[in-house]
Amino acid sequence: MAVLLLILSVISGVFLGKHFGKKEKLAKNLLILSAGFLITICLNEVFPQVYTSGESSSLGIFVIAGVLLQMILEALTKGFEHGHFHHHNEHNILPVALMVGLFVHAFIEGIPLANEEHEISPYLLGIVFHNLPISFILGAFLFNGKKDSKSSSYPSLLIVALFALASPMGMLLGNYFNPDLQPYFLAIVGGIFLHISSVIIFESNKNHNIDWMKIGLVIVGVLLALLMHVFHTHPSAHNH
């Protein structure tokens, strides 16, 4: 079920981006909504799991490593993860660099899923919820406004396929790691989540005016994540 949700979140996002990609405001709003959801999952689910693991003395370094890793990946993706929207004719992003950056990002997020106790967890839903707007932007970037030529569509389909399979592949690899390493992988992903969501939420508005729509979307995302938290059964601390 987890693998299916991960793949469908990418495919559905790309489909929407292909057909509605010119509505850049829609992509931005989806990202802001997902950022509220993601930062709540990070602070309410990921970090508590990390810091109740008994390895808290050094895990902060791995959180910072996750932040730095995401900053490096954004040098390849040019900020796709937080809505820096670029079109094909700007030639700002090399398809290979975009593919590598997105693949590594999603692959690392998938590793902790191997040791999730529940098939449908808030952590999984955080990834799925964030995949939708990223995939929307990806679909708009790769397909919107392009001529339907097979020669140009093959590389685009390859990028989509790799992105859709990246987290499931990370999940598969995670089965071969010692479960005791779970807090370290979660710490790294927590840093990635924290960086992406905070950039989306706290990016300066034009003229630094209050954007009530943005605030409202963040609140809705937070409330959705809190709803997941309420209905999700959490393991007790002594099980870690």
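**A guided tour of the predicted model**

Of the 240 residues in the protein chain, 48% count as buried. The model on screen is a predicted one.

**Step 1: the whole chain.** Display the protein chain as a cartoon; its secondary structure consists of eight helices and zero strands. Followed from the N terminus, the elements read α-α-α-α-α-α-α-α. Now switch to a surface view: the accessible surface of the protein chain is about 12,000 Å², and carbon and sulfur atoms contribute 68% of it.

**Step 2: the annotated spans.** Colour residues 56-73, 93-114, 120-143, 155-177, 183-202 and 214-232, which an unreviewed UniProt entry lists under "transmembrane region". Select residues 155-177 from this set; the chain there is 87% helix and 0% strand, with its end C-alpha atoms 32 Å apart. Proceed to residues 183-202, a span that is 100% helix and 0% strand. The end C-alpha atoms of residues 183-202 are separated by 27 Å.

**Step 3: glutamine 182.** Select helix 7, which covers residues 182-202 and includes glutamine 182. Is glutamine 182 buried or exposed? Glutamine 182 has a relative accessible area of 8%, and is therefore buried, the cut-off for that class being under 20%.

Finally, show the side chains around this position. Which residues does glutamine 182 touch, leaving aside those up to four places away in sequence? The contacts of glutamine 182 are Gln49, Pro112, Asn115 and Glu116. Of these, Pro112 falls in the span 93-114 listed by UniProt as "transmembrane region".

Note on methods
Residues numbered from 1 in each chain as written. Predicted model: local features only at pLDDT ≥ 70, side-chain atom pairs only at ≥ 80, totals over all residues. Heavy atoms only, no water. Helix = DSSP H or I, 4+ residues; strand = E, 2+ residues; numbered from the N terminus. Buried < 20%, exposed > 50% of the residue type's maximum accessible area, 1.4 Å probe, protein only. Contact = heavy atoms within 4.5 Å. UniProt positions renumbered as here; feature names shortened; annotations may be inferred. Areas by Shrake-Rupley, 256 points an atom, 1.4 Å probe, with all protein chains shown as cover.
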